[in-house]
Amino acid sequence: MFCEQCEQTASGDGCHQFGACGKSPQVNAVQDLLVHCLRGLSAIALTAKANQIDTHEVDVFTCEALFATMTNVNFSVSHCEAYTRQAIALRTDLRAQVEALRSETEWPAIASFTPSFDASLAEQGEEVALKFLSQVGEDAVDIFSLKLTVLYGIKGAASYTFHAYELGQEDEQVYQFVHEALNALNDESLTLADWVDLALKVGEINLRSMELLDTGHTQAYGHPVPTSVPLNPRPGKAILVSGHDIRQLEAILKQTAGTEITVYTHGELLPAHGYPLLKATYPHLYGHYGTAWQNQTKDFLRFPGAIIVTTNCLMPPHDTYSDKLFTVGPVGYPQLSFLPASDTGIPDYAPAIAKALALPGFTEEAPPRSVTVGFAHNAVLGVAETVVNAVKQGQIRHFFLVGGCDGAKPGRSYYTEFVEKVPADCVVLTLACGKFRFFDQDLGKVAGLPRLMDLGQCNDAYSAIQIAIALANAFAVDINELPLSMILSWYEQKAVAVLLTLLHLGIKNIRLGPTLPAFISPNVFKLLSTHYQLQAITTPERDLAACLC
Ligand code: FSO
Ligand code: SF4
């Protein structure tokens, strides 16, 4: 088994025997086979696009299928086989359409590769899998490192693109590039410089994907406003919704309206409470339960209702709670109930609702506790004048963006300590699930503004970028001259995409941890540190001092 796509890699360089995430060698191999088939599908999709053939179904499918191969999304051989079969069926159809126009079209070998569905898909996947960085010859290591960076980054961008599509927001240039990136993996003639350009282009396209998603969310649910979210459950039947998918959360709210069920968010759905139209339409969207994804085995066991996982990060469930756990969309696990989507993309949530009504729900009041969310770009820029004046008058010395993914490694306590040590005249902006290490701390106020502001989900890195651009304009300086430091934590492929976006924007001095990606070769890291001063985190004291000097 070969996988090195996330930060959790078992031995520091990759997972060899079994995924540290719980992914089996069989699932890993079938996902490798799926990616191989998608590379062939993309080669044909690009030719089809060049011949004005409609590829929309293939575009959306490619994004969803890539999403399913990301860390902590899908652990089911049968789901991955179904995606692979669909990739081949779509490819056959699209190829026939091209050949009906241009019968002489020549295809690369990968566009004709068809697995034998009667034989072991896992064995066929092992044969076509990309290798480990450590297995590549010295002369090819840096190009291979960048190929992996492009593949993992495009998986992250594809997941945001899929969410944006669900909300009616699409852009042909994004779909075109998803296929170009996958097709580039078929091209052995590309140079190191070509791969650097492609990696930065992934960042550029991911910025557009995050923008589309931001537009989808804000058009459907309004711009987020600062909103207090209860952390204490209230008595009554309950459903917990995990993942990132706010459209599915809305569908669950719609289907539970008028029942006695209270809906709670988990993990990366916490920011959903900040969207005013969602809150106003569905008063039974009540509070938030639990913390970051790696604590879900404890949180899910304790939750006395049904649980629906809409996206990553799903951990292998314990038997003690798997009967109340449901998955949708690209998420799957063999023993869990999967709720298939109808033509509208929305599943019938009746089985989860029935389970919630059969379970006891919360039976007691708990002491009130809350956090405030909703500091996305519109809310922060609404007080831009106050912010700018506070900086000019020396009341605010520095901004720190401390965000990204959480995870189980002990080195992640760096981020908690960092925030605790940030001086009182500085503001902490945060986003994604890394915030759960400090999200309920009361950091007080500075210049009348909260010292801790939650910008939202990982895709709301778009908000952080808009805020940084607006501040840079207000001070008439380059973003890199702002009193702003980015202290990021990464875990999976969405974080790779976001990092590439920040590098595409020319943002320097990013500090990344808790460890550097195993798929980044020493030379590629040297290149990133030379051009962008990208650096690994050290200690909170040392990094804080360096940022404030
Ligand atoms: Fe976290 Fe998981 Fe949002 Fe990731 S829940 S780790 S970067 O999937 O996407 O921040
Ligand atoms: Fe290992 Fe991460 Fe791959 Fe899972 S996704 S097998 S933890 S490298």
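What distance separates the centres of domain 1 and domain 2, taken over C-alpha atoms? The first legend answers this, for a predicted model.

**View 1. Domain 1 and domain 2 of the predicted model.** The centres of domain 1 and domain 2 are 29 Å apart, taken over C-alpha atoms. Their contact draws on 15 residues of domain 1 and 14 residues of domain 2. About 1,000 Å² is buried between the two domains. Carbon and sulfur atoms give 61% of that area. On the domain 1 side, Asn72, Val73 and Phe75 supply 46% of the area buried against domain 2. No other three residues of domain 1 supply more.

**View 2. The domain assignment and the place of ligand 1.** Three domains are assigned: domain 1 (1–134), domain 2 (227–358) and domain 3 (375–548). Ligand 1 lies between domain 2 and domain 3, because both give residues to its shell. The space that ligand 1 takes is the largest cavity.

**View 3. The shell around ligand 1.** Around the ligand are His244, Glu268, Trp293, Asn312, Cys313, Cys405, Ala432, Cys433, Cys458, Tyr491, Glu492 and Lys494. By class, this shell holds 7 nonpolar, 2 polar and 3 charged residues.

**View 4. Polar contacts to oxygen atoms of ligand 1.** The side chain of Asn312 places an N or O atom 2.9 Å from a ligand oxygen atom. For Glu268, a polar side-chain atom lies 3.1 Å from an oxygen atom of ligand 1. Cys433 takes part through its backbone: one of its polar backbone atoms is 3.4 Å from an oxygen atom of the ligand.

**View 5. The shell around ligand 2.** Ligand 2 is surrounded by 13 residues. The closest are Cys3, Cys6, Cys15, Cys21 and Thr71. The shell divides into 6 nonpolar, 5 polar and 2 charged residues.

Note on methods:
Residues numbered from 1 in each chain as written. Chains lettered and ligands numbered in written order. Predicted model: local features only at pLDDT ≥ 70, side-chain atom pairs only at ≥ 80, totals over all residues. Heavy atoms only, no water. Near = heavy atom within 4 Å. Polar contact = N/O pair within 3.5 Å; in protein donor to acceptor, adjacent residues only side chain to side chain. 1 Å grid on protein atoms, 1.4 Å probe; cavity = no way out; pocket = protein on both sides within 12 Å on 5 of 7 lines; lining within 4 Å. Sits in = over half its atoms within 2 Å of the grid points. Nonpolar A, V, L, I, M, F, W, Y, C, P; charged D, E, K, R; others polar. Domains from an automatic or database assignment. Contact = heavy atoms within 4.5 Å. Buried area = accessible area lost by both parts, 1.4 Å probe.
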